[in-house]
Amino acid sequence: MVAVLWRFRATLAPHRGRLAAGGALILLGSALALALPWPLKIVVDEVLRGGSVGPLSGTPLLWACIAAIAVVAALGALTTYLAERTLSGVGERMLAYLRTATFAHLQRLSLSYHQTQRVGDLGNRLTSDVNTIQGLLVAALSVLLPNVTLLVGILVISVTIDPFFALLSLLVVPPLYLVLVRYRRIIKGWAAVARKEEGRVASHATEVLGAIRLVTTNAGEDRSERRFRSFSDARLAAGLQRVDFAARLPAAVDVIVHLGRALVLLVGTLRVLDGAMDLGLLLVFLAYNEKLYQPVKQLAKLQTTISKGQASADRVQEVLAVESAVRDRPGARPLRRLRGHVALRDVTFGYDPARPVLRGVTITALPGEMIALAGPTGAGKSTIGGLVPRLYDVGSGSVQLDGHDVRDLTLDSIRAQVSLVPQDSVLMSGTILENIAFGAPHATRAQLIVAAEAAHVDEFVHRLPDGWDTEVHERGSSLSGGQRQRIAIARALVRDTPVVILDEPTSGLDAVSESLVMRGLERLTAGRTVIVVAHRLSTLQRADRIYVIDGGRVVDSGTHAQLAARPGVFRDMNELLDNRGTAPSLVAG
Ligand SMILES: Nc1ncnc2c1ncn2[C@@H]1O[C@H](COP(=O)(O)OP(=O)(O)OP(=O)(O)O)[C@@H](O)[C@H]1O
Ligand SMILES: [Mg+2]
């Protein structure tokens, strides 16, 4: 447990003052608790043995002792209250900090990390694991710390007064220790299994509820329920094991403690009868004895809290220890005003480095050019788009902005100047305008509406109940695919960046809307570098240059007219498109 506190020392450091105050209060509280049995001893050994109990007013010593008990008890209660409040407050503050720090860290981890993680499980680490650590900290700071100081005080006083008797009281410590250590390991093991299973329960629920339409349309409820139940049952089994051991522990501790106390009572009584010891002193020892075992019993009772807390601390630490695969290099410089020269030079890249998705890709876009990427599905077009804002790092070769390798630039400065409309547009909960403003929080309402009109969002917004301020459901489920796509385009346009990457921006639109949206796009991106992944003829014809991607390689490049004249992948594709999708060019023309 000390180890857990040590691991989180950085989070405790800002609360040094409060911790010190709490520590001082605890020392004072322990001193008061140690003083409490002494007035009783004086009453038994001095007042009672004196035997001369006259009229009550004649025994000032008795009155003094009674008053002392009252004062010590009242002061003790006050210090306990203050200490507990201070230290539990530190626990709360620390947890709030840890939760935020973990969230901030998680958000900044690279996409390649998030792809391998389950959202529900990460969510669990942020909420219930952090809460469980809080249980551990509160237990450590406001329960164990006072008990341990009390323990040390008792040991020092008892050894000073009567070393033999003190040793006798300590006989139970070795067996107690052995029992505690053994159970602690077992309980912690089961707590860790339980937390892991809980993560699976949460991630399965998050995944299914997030894809509820898929589950419903495939009649997958029963299968999904069976899976959920199997995770839940595994969690239950681990929980029951933990409960079993957690319940055995205090029982075992109680037996050992009571045997120890019986021994102290036996030997103590014999010594008092022999006249080797004052009765009052035996009472003090018995009172201390009670207190001596208290920390051990508390430790046993808190074992579950502590073990669960340690298991959770491990899970939170595990996340905090991950370093983002894509991060600023030491000495990375901010990218000054980007002119818009984008280049991929001989890039090889694989999401899994062993299986390259791009091989030897070289692509150039000069400032103000519109270039198009065309090619069959799975060719690597979206992958190329993601490399420009450095969502991933290349295996070999380089991605350059205005001639600088993106790995030498700060991520913030790159992403402030490159907009990406992904293939699958995602909305957040909030209003339509808030969604458009997501990448440009300082844009004015007028600027937002200009971008929205260019992306043709206004066309459907006027039919919504609250217009621009209509609330969108989580992930935009209350809008159609094409509507979401137009909002995503507006979101990129309003950022007004020198480089804009559009990954099939109009695939969800009908021919008429597509042509209107493309015209708006061209107007707002005039003079900017645009990289567009496109299948439609209308887009391809306008491009300054088309790169044909197939199997992770650039297999051809040139203008639409040049490529259409040569046999190859492009002409095959183009002929298919011509038969199917010439409508946009008709409308546009
Ligand atoms: N996040 C990912 N992790 C692992 N592999 C991926 C990932 N994204 C894409 N791939 C793989 O990389 C290859 C290229 O994918 P990419 O998305 O770049 O294709 P695309 O040309 O955009 O296709 P489409 O026209 O269907 O959008 C595919 O074989 C795909 O399976
Ligand atoms: Mg794609």
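Four strands build an open sheet in the order β2-β1-β4-β5, and their pairing is antiparallel. Its edges are β2 (358–365) and β5 (404–405), each of which pairs on one side only. Please keep in mind as you read that this is a predicted model.

Inside that sheet, β1 (residues 342–349) and β4 (residues 396–401) run antiparallel to each other and share five bridges.

**The six-stranded sheet**

Another open sheet has six strands, ordered β6-β9-β10-β3-β11-β12, and here the pairing is mixed. β6 (418–421) and β12 (553–558) are the edge strands, pairing on one side only. On average, neighbouring strands of this sheet are turned by 15° against each other, direction ignored.

Val 421 stands opposite Leu 502 of β9. Helix α18 (residues 481–495) lies across both β6 and β9, at about 175° to β6.

**Helix pairs**

| Helix pair | Angle | Axis distance |
|---|---|---|
| α3 (residues 16–35) and α5 (residues 60–108) | about 155° | 8 Å |
| α7 (residues 119–161) and α9 (residues 173–210) | about 125° | 7 Å |
| α18 and α19 (residues 511–524) | roughly 5° | within 11 Å |

Let us take α3 and α5 to begin with. Packed at about 155°, α3 is roughly antiparallel to α5, because angles over 145 degrees count as such. The crossing of α3 past α5 is left-handed. On the α3 side the contact includes Arg 18, Leu 19, Gly 22, Leu 25 and Ile 26, and among the α5 residues they meet are Val 72, Leu 75, Gly 76, Thr 79 and Leu 82. Sorted by class, this contact has 14 nonpolar, seven polar and one charged residues.

For α7 and α9, the angle is about 125°, and the two helices are therefore oblique to each other. Their crossing is right-handed. From α7, the contact draws on Val 119, Gly 120, Asp 121, Gly 123, Asn 124 and Asp 129; from α9 come Arg 195, Glu 198, Gly 199, Ala 202, Ser 203, Ala 205, Thr 206 and Glu 207. The class division here is three nonpolar, six polar and five charged.

Helix α18, which lies across β6 and β9, also has α19 as a partner, their axes crossing at roughly 5°. That angle makes α18 roughly parallel to α19. Gly 482, Arg 486, Ile 489 and Leu 493 of α18 meet Ser 513, Val 517, Leu 521 and Leu 524 of α19. Five of these contact residues are nonpolar, two are polar and one is charged.

**Around ligand 1**

Which residues surround ligand 1? The shell consists of Gln 115, Tyr 351, Val 357, Thr 377, Gly 378, Ala 379, Gly 380, Lys 381, Ser 382, Thr 383 and Gln 423. Helix α13 (residues 381–387) gives the most to this shell, with three residues. By class, the shell around ligand 1 holds three nonpolar, seven polar and one charged residues.

Technical notes
Residues are numbered from 1 along each chain as its sequence is written. Chains are lettered from A and ligands numbered from 1 in the order in which they are written. This is a predicted model: local features need pLDDT of at least 70, side-chain atom pairs count only at pLDDT 80 or more; totals for chains, interfaces and linings use all residues. Two strands pair if DSSP finds at least two bridges between them. Axes are lines fitted to C-alpha atoms, for helices over the stretch in contact, and angles run from 0 to 180 degrees between N-to-C directions. Angles under 35 degrees count as roughly parallel, over 145 as roughly antiparallel, 65 to 115 as roughly perpendicular and the rest as oblique. A crossing is left-handed if the near helix is turned anticlockwise from the far one by less than a right angle, and right-handed if clockwise. Two residues are in contact if their C-beta atoms, placed from the backbone, lie within 7 Å. Ala, Val, Leu, Ile, Met, Phe, Trp, Tyr, Cys and Pro count as nonpolar, Asp, Glu, Lys and Arg as charged, and the others, Gly among them, as polar. A residue is near a molecule or strand if its C-beta atom, placed from the backbone, lies within 6 Å of it.
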